[in-house]
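Notebook open, structure on screen. I'm jotting down what I look up as I go.

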Amino acid sequence: MSGGVDSAVAAARAVEAGHEVVGVHLALSRMPGTLRTGSRGCCTIEDSMDAQRAANIIGIPYYVWDFSERFKLDVVDDFIAEYAAGRTPNPCMRCNERIKFAALLEKAVALGFDAVCTGHYASILTDADGNRELHRASAWAKDQSYVLGVLTTEQLAHSMFPLGATPSKAEVRAEAAERGFSVANKPDSYDICFIPDGDTRGWLAERVAPATGDILDRDGAKLGEHDGAVAFTVGQRKGLQIGTPAADGKPRFVLEVRPITNTVVVGPKEALAIREIAGSTFTWCGVAPANPEVAFDCDVQIRAHADPEPAVAQVVPVSGSTTGETELVITPNEPLTGVAPGQTAVVYVGTRVLGQCTIDRTVSAVPVAAMSSAAADA
Amino acid sequence: MAVYPENVRPDNVRPDNVYLDHAATTPMLPAAISAYAEAMTVVGNPASIHSQGQNAKRMLEEAREVVARSVGSDPIEVVFTGGGTEAINLAVKGLFWARAPRTRILAPGGEHHATLDTIEWLEHHEGAVVEWLPLDDLGRVDVAVLERAIAANPDDVALVTLLAANNEVGTLQPIREVAALAAAHGIPVHVDAVSAYGHVPIDFAALSRTGASAVSVSAHKIGGPVGIGALVLSRRATVVPLIHGGGQQRQVRSGTQDVAAAVSFAVAASAAVAELPGEGVRLAALRDRVIAGVRAAVPEAVLNGDPDPAGRLPGNAHFTFPGCEGDSLLFLLDVAGVSVSTGSACQAGIPEPSHVLRAMGRSETEARGALRITLGRTSTDADVDAFLAALPAAYAQAARAGLADREPAR
């Protein structure tokens, strides 16, 4: 129970569904702030108190479990390392993968619980053979199945999402008010919980030593210098500080961040279009496809609030691998923009989450004559 | 909106719950409750001059005399406070400021947070220079180490503060020796007796003769109400007050005095002192059953603190359960209807690795597997039986859960 409205209502519904429920608040920082400020909050003492008051009203026991050390290692440090490696990670996903449905679930099961129940907007459905499947929530606008795409079959077997069939967040708030929860009108939380002021760039700059490097065009020509590659994200336009305009006079965008050489590659907006994404770290959510080596139709979503895009996916051997490594290759029907290595691509079939991969490499839809491809070398 | 008092008792606790966390707080003595309620019906500010004021003042001073007798001090030396934490703050900050320009504070590293955090505040805001003294294997401060620390520059020591008995591991501390040592250099000593009061005799007159300046006590640890404590402050000691106002209580602690709470405190104090000889023996016997029973049920368990029964609080048993998180054990025992403690939890309810065990030189992992069982006036053999019956299954399950949440995934 984060102290927010969703987990409070989820807990109440789980109790009413007949389950024996214990409220657990995750302490994710040893040095929590005292009061919630603005929309950021899942880590303050006020949030912990909000969660406890909701548990009181529901009439369930409430405990705080300390996962601050694991959270630091698996989420915060990972976030810094991923940025330092030129990728764009999703820490909420990492938290679901390694904390909420891993460390927390393992501890809970060991202590005698059957499942972790959260306020995520996603649905678990059962197929004709009794297998559990993860699906989008009824409330499309609030759907969080994307950030749960990392769940494995085993994790799914021990998960409960009582808000999945709720038509809208407004209904959850109304229900919370009816139940007498003080958090009924608490603002939704956005952004990254461990970056209190929301200034991700500034936060990272304090933790990753910046080093001056080159800004190159797609042909490898030096256009200028930057103060640290970590400050750049694929698709970024502002803050490049290149003195000379592009030959065609059009704005330039970050196409690639290459941490090994500490270089940033820029180019025209068209070059941001991606025709292929691939990742060797992929998982299936629920029953795996029978023949993923045969190309199959799906939808791919590459950010929490992006639209799903029709695509074809296929598991293929990684070229040049001598260890039999495979990767999930996703080819969208139309090129995608806003794709960066480190992001997670979640594969859907209809409303069902089929699986996901962390994007290792992308292929630009616009080839460069001087370079064989614009594939990221990160 | 409903009128508030319709649901004062939520009754979340199961009726057969066994309470073994008396060091956190202990049930109020029925006589202290009835005296409290009765005293609250008396109108009168003890600072008022009219007959109601005089009546209230009489009740207050009689209560002060009873509390003074319970700690062996003069009544004038008892300064009522809002509790143990305020008493400790008044002693530590008040003595530090009164001793300016001296800057050094000497204190063991395993003190209660009321002391630790007060000292750290002085360090960060008032230029205090702190020397944390290590604890030995049994959780006891080494007088020789303190002696060396003082000798380094006796003229610059503002004060020495230490617990009379450690609130987590229960180890009794050499307060007389420490007081005598400091007194030889004219250094004031504050003794935090919140956890010891009512469980072992406190003789302020003797301590004061050997040099102690102040002793902190709290009512709710002995069956009195929460919200009142006292700083027993030697008539020779000077402290700078924390709270300014009407100049009550020797100008040391302003604010209208809580007559009813003082009366209730006095009832609990007199009962605690009267019962102490018998209760000390009875609780020690129960504690020894807890210790023997835990060792039989879980041979891996390590008893923390002094294994000599005379060297620890009679109602305290404290163990490390290797390979377990203390909070897992606490949760499982709670589900089984037994209330125990892991030691200290911070304001958000997050269990912290025991800083006392850390000060005793234990690893953080060991400091996380700690569990404290504390007994009090209402404890019975049946309570001990229930705890010992619930422990094996809780331990086995907590060991399975292990320290999983400390190891990174991958």
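How much of residues 203–267 of chain A is helix and how much is strand, and how far apart are the end C-alpha atoms? I get 5% helix and 31% strand, with the end C-alpha atoms 27 Å apart. I looked there because UniProt, in an unreviewed entry, places "domain: tRNA-specific 2-thiouridylase MnmA-like central" at residues 203–267 of chain A; UniProt positions are in the numbering used here, feature names are shortened, and annotations may be inferred rather than shown by experiment.

**Ground rules.** This is a predicted model, where local features need pLDDT of at least 70, side-chain atom pairs count only at pLDDT 80 or more, and totals for chains, interfaces and linings use all residues. Residues are numbered from 1 along each chain as its sequence is written, while chains are lettered from A and ligands numbered from 1 in the order in which they are written.

**Chain A overall.** I find seven helices and 18 strands in chain A; these are DSSP runs numbered from the N terminus, helices being H or I of at least four residues and strands E of at least two. Chain A has a radius of gyration of 22 Å, close to the 21 Å from the globule rule for 378 residues, so it is as compact as a globular protein of that length. (The radius is taken over C-alpha atoms, and the rule is 2.2 Å times the number of residues to the power 0.38.) I boxed the C-alpha atoms of chain A along the principal axes and got roughly 65 × 50 × 35 Å.

**Binding site entry.** UniProt lists L26(A) and G119(A) under "binding site", again in an unreviewed entry. They are spread over 94 residues of sequence but cluster in space, with a largest C-alpha distance of 13.8 Å.

I find L26(A) in strand β1 (residues 23–27) of chain A. L26(A) counts as buried because it has 25 C-beta neighbours inside 10 Å. (Buried takes 20 or more other C-beta atoms within 10 Å, exposed 12 or fewer, partly exposed in between, with C-beta atoms placed from the backbone.) Leaving out residues up to four places away in sequence, L26(A) touches W65(A), F67(A), I99(A) and L104(A); contact means C-beta atoms, placed from the backbone, within 7 Å.

G119(A) sits in the loop between β3 (116–117) and β4 (122–126) of chain A. With 20 C-beta neighbours inside 10 Å, G119(A) is buried too. Beyond four places in sequence, the contacts of G119(A) include G4(A), D6(A) and L163(A).

**Domains of chain A.** I have domain 1 (5–185), domain 2 (209–271) and domain 3 (273–364) in chain A, with bounds from an automatic or database assignment.

**A look at chain B.** Where is H199(B)? I find H199(B) in the loop between β6 (189–192) and α7 (204–210) of chain B. H199(B) is buried, with 29 other C-beta atoms within 10 Å. Not counting residues up to four places away in sequence, H199(B) touches G280(B), L313(B), P314(B) and G315(B). Q54(B) is another matter: H199(B) and Q54(B) are 145 residues apart in sequence and 34 Å apart in space, C-alpha to C-alpha.

Notes:
Two residues are in contact if their C-beta atoms, placed from the backbone, lie within 7 Å.
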